[in-house]
Amino acid sequence: KVLGQFDPFWSDGSDSAGRLLLVAPNVVHVERELKVDPRDFRMWVCLHEETHRVQFTAVPWLRDHLRSEIESFVGATEVDPAVLISRLRDVVRSVIESAQGGQGGPSVLDLVQSPEQKVVVDRVTAVMSLLEGHADVVMDGVGPDVVPSVATIREKFQRRRAGAGGLDRTLRRLLGLEAKMRQYRDGAKFVNGVVERVGMTGFNRVWESAETLPGLDEITDPVAWVRRVHGQAALPQ
């Protein structure tokens with residue numbers, strides 16, 4: 001499913017850090033499936049990933065913050081065999097229910113996480129929603145001068161996401177991909193909602209420190225973030 005990825009932790013030993021990765025067969029497959037201009041589509045995908053490069057290079061503390069959260073997640077891993085076996089049973093049960101047409105329920109990743117890990121995942125999900133949503137807003141906002149068919153690409157891409165079949169939706173939920181899709185949607189709504197109320201300068205306060213990052217509840221309630229970071233007076237009356 002992945003078209004591109006920016007790896008912020010990679011380094012070649014020089015001052016530059018991070019690298020852009022593209023899954024070429026997936027990119028070509030999707031551009032052909034959507035019948036869009038190949039040059040425009042590839043530029044559109046790269047703009048999203050390059051926005052991640054800007055995020056991590058312009059905000060020096062962000063990489064270490066994310067690394068710290070990952071270390072917290074690993075440190076909270078449950079090693080009790082009895083607990084792991086119990087969770088494995090839950091995973092098998094969830095897979096069987098989904099295969100039998102069950103709807104909803106947790107993903108496999110949800111079932112194997114400890115309570116401590118779930119807290120970390122909520123914080124990381126909020127950060128990733130911000131990063132993915134911001135990148136989506138940028139990739140759609142560059143305008144036809146850079147990507148002439150940007151509006152057409154977004155329309156077809158969104159229709160493709162929404163038009164997944166039953167089996168595909170089941171697999172997405174089990175593997176946690178539905179949650180990943182929500183990061184793009186909810187994150188973009190957060191960015192647009194904040195910019196609408198306090199402008200881009202006001203939004204950019206999100207990059208000041210870990211304390212100004214949105215929480216998971218604020219991602220779906222941009223007014224709450226504006227009120228916490230900017231104060232009630234910043235909201236339109």
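**Walking through the model**

Analyst: The chain has eleven helices and two strands; these are DSSP runs, numbered from the N terminus, with helices (H or I) of at least four residues and strands (E) of at least two. This is a predicted model, where local features need pLDDT of at least 70 and side-chain atom pairs count only at pLDDT 80 or more, while totals for chains, interfaces and linings use all residues. Residues are numbered from 1 along each chain as its sequence is written, and side-chain values use heavy atoms, with hydrogens and water left out.

User: Thanks! In what order do the elements of the chain run from the N terminus?
Analyst: They go β-β-α-α-α-α-α-α-α-α-α-α-α.

User: And what share of the residues is buried?
Analyst: Of the 237 residues in the chain, 38% are buried. Buried means under 20% relative accessible area, exposed means over 50%, and partly exposed lies in between (1.4 Å probe, protein chains only).

User: Switching to helices: at what angle do H2 and H3 pack?
Analyst: Helix H2 (residues 38-58) and helix H3 (residues 60-75) pack at about 95 degrees, and their axes are 4 Å apart. That makes H2 roughly perpendicular to H3, a label for angles of 65 to 115 degrees. The axes are lines fitted to C-alpha atoms over the stretch in contact, and angles run from 0 to 180 degrees between N-to-C directions.

User: Which residues make that contact?
Analyst: H2 brings Gln 55, Phe 56, Thr 57 and Ala 58, and H3 brings Pro 60, Leu 62, Arg 63 and Leu 66. Contact here means heavy atoms within 4.5 Å. By class, the contact of H2 with H3 has five nonpolar, two polar and one charged residues. Ala, Val, Leu, Ile, Met, Phe, Trp, Tyr, Cys and Pro count as nonpolar, Asp, Glu, Lys and Arg as charged, and the others, Gly among them, as polar.

User: Nice. How many aromatic pairs does the structure hold?
Analyst: Six. Rings of Phe, Tyr and Trp (its six-membered ring) pair if their centres lie within 6.5 Å; planes under 30 degrees apart count as stacked, over 60 as edge-to-face and the rest as tilted. One of the pairs is Phe 6 with Phe 56, whose ring centres are 6.3 Å apart and whose planes are at 35 degrees, so the pair is tilted. The two sit 50 residues apart, Phe 6 in strand E1 (residues 4-11) and Phe 56 in helix H2.

User: Is Phe 6 buried or exposed?
Analyst: Phe 6 is buried, because its relative accessible area is 5%. Phe 56 is buried as well, with a relative accessible area of 5%.

User: What about Phe 41 and Phe 157?
Analyst: Their ring centres are 6.4 Å apart with planes at 50 degrees, so this pair is tilted. Phe 41 in helix H2 and Phe 157 in helix H7 (residues 150-162) are 116 residues apart. Phe 41 is buried at 0% relative accessibility, and Phe 157 is buried at 9%. Ring pairs join Phe 41, Trp 44 and Phe 157 into a cluster.

User: Last topic: where is Asp 221 found?
Analyst: In the loop between helix H10 (216-219) and H11. Asp 221 is partly exposed, with a relative accessible area of 35%. Its C-alpha lies 7.2 Å from that of Phe 190, 31 residues away in sequence.

User: And which residues of H11 are buried?
Analyst: In helix H11 (residues 222-230), Pro 222, Val 223, Ala 224, Trp 225, Val 226 and Val 229 are buried. After H11 comes Gly 231, with a positive phi near 90 degrees.

Notes:
Angles under 35 degrees count as roughly parallel, over 145 as roughly antiparallel, 65 to 115 as roughly perpendicular and the rest as oblique.
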